[in-house]
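Dear colleague,

Please find below the structure that I am handing over to you. My notes on what was found in it follow directly after.

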Amino acid sequence: MTRRCLLFSLLLLWTVFATAEEEVNFSTEVLPILSDRCFHCHGPDPSHRKAKLRLDLEEGAKKKGILTAGSLTDSELWQRIISSDPDELMPPPDSHRKPLSQSERNVIQRWIEQGAPWGKHWAFEKPEKPTVPAGANHPIDAFVRAKLAKEKIDPSPKAEKSTLLRRLSFDLTGLPPTPDEVNADNDWETVIDQKLKSPHHGERMAMWWLDAARYSDTDGYQQDATRNNWPWRDWVVDAFNKNMPFDQFTVEQFAGDLLPDATPEQILATGFHRHHMTNGEGGRHPE
C-alpha cells in the first residue's frame, strides 16, 4: 500500500505540474485559431456574420451555451468542432476553410477545460515582467539556460572571439567585421558600442521596416518603371541611427503632415503611405 500511495502521489504531482506548464495562452494560441477559422462568419463584419453569432467578443462567445467554461459537453462550440455530421461541423466543409488539426483541437479542448479565460490580441495585453530563473548572471542567459535544461540540451561551448565578432557584426550592421576589427584588442562592450554607432546599424535595422512597408525603387506591374522613393528610405535609416522613439517614429510616418508646424522631414516621413504597386495604364492622377 505504501508503494501504491507513493506512486499515486507522484502521478498526482506530475499531473498538477504538467497542467500548470501547459496552461493555454488565449492571445497566442486560441485567438489565431478563432480568427482564421471562425471570424469570417462569426466575427466583427456584420455583412458576413451567420446566425447572429460573434466569437470575436467574449460576451458573444459565452452566451446561450456556445462556450461554457470548464465543460466540453455543454459547449456547443466544441461539439461543432468534433462533430461527424457535415451539417453540424464547424467550420463547414463548404466554407473553404481547413478543418482544425488535431493539435488545434487539443488547444481548444484544454482551453475550455481550463475555464476558457479570455484575453486580447497580444499587442493590447499589458506586458508582465517574468521571474528571472536562477543559473546565470544575465537575464537573457538565464532564460536560455532554463529552456535548454527543460529540453535536456547542453549549452554549446563558448565560441572563439573571431566567431563572436562575426555574429555580432552581421546582427548589428549586416556586414562582416574588417580585418582590423578582428585583430583589435577591444573589450566586448566597446565593440558593441562601435557597431551601434555605425551608420550601417541604421541600414540593418531599417531593412525589416522597409520590407513591411513594401518599399521598392520601381512601380511594379508591366512597365515596372523606376520611382524616386529613396528620400523616405533614407529618413527611416536616419531615424534608426538617431534612436528615434517608436511612438514618434510611427506618428510621423502615419500623419507627419498633420502635426503642428510640420517640418519638411516630418512631411517626408509620410512617404510611408506610398509604397504600393502603381499601375499607369489608362492614366492616373498625380496625387
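A contact means heavy atoms within 4.5 Å. Helices (H or I, at least four residues) and strands (E, at least two) are DSSP runs, numbered from the N terminus.

This is a predicted model, in which local features need pLDDT of at least 70 and side-chain atom pairs count only at pLDDT 80 or more, while totals for chains, interfaces and linings use all residues. Residues are numbered from 1 along each chain as its sequence is written, and side-chain values use heavy atoms, with hydrogens and water left out.

Confidence

The predictor's confidence in each residue is given as pLDDT, from 0 to 100. For the protein chain the mean pLDDT is 88, with 90% of residues at 70 or more. Over residues 1–21, however, pLDDT stays under 50, and the model has one contact there beyond four places in sequence. Where pLDDT is low, the predicted coordinates should not be read in detail.

Overall fold

The protein chain has 14 helices and zero strands. Among contacts with a separation of 6 or more, 47% are between residues 24 or more positions apart.

Helix 11

Helix 11 (residues 199–212) has a kink of about 35 degrees centred on Ala-206. The bend at a residue is the angle between axes fitted to the seven residues ending there and the seven starting there. Ala-206 is also one of the buried residues of helix 11, together with His-201, Gly-202, Trp-209 and Leu-210. These buried residues pack against helix 8, helix 10 (188–197), helix 12 (230–241) and helix 13 (246–255).

The largest pocket

A pocket is an open set of points on a 1 Å grid over the protein atoms alone, where a 1.4 Å probe fits, with protein on both sides within 12 Å along at least five of seven lines; lining residues have an atom within 4 Å of a point. The largest pocket has a volume of about 700 Å³, a volume being the space filled by probe spheres set on the points, which are joined across faces, edges and corners. Its lining consists of 14 residues, and Asp-141, Lys-158, Ala-159, Leu-164 and Arg-167 lie nearest the centre. Helix 7 (139–150) and helix 8 (161–173) each supply at least two lining residues.

Yours sincerely

Conventions:
Buried means under 20% relative accessible area, exposed over 50%, partly exposed in between (1.4 Å probe, protein chains only).
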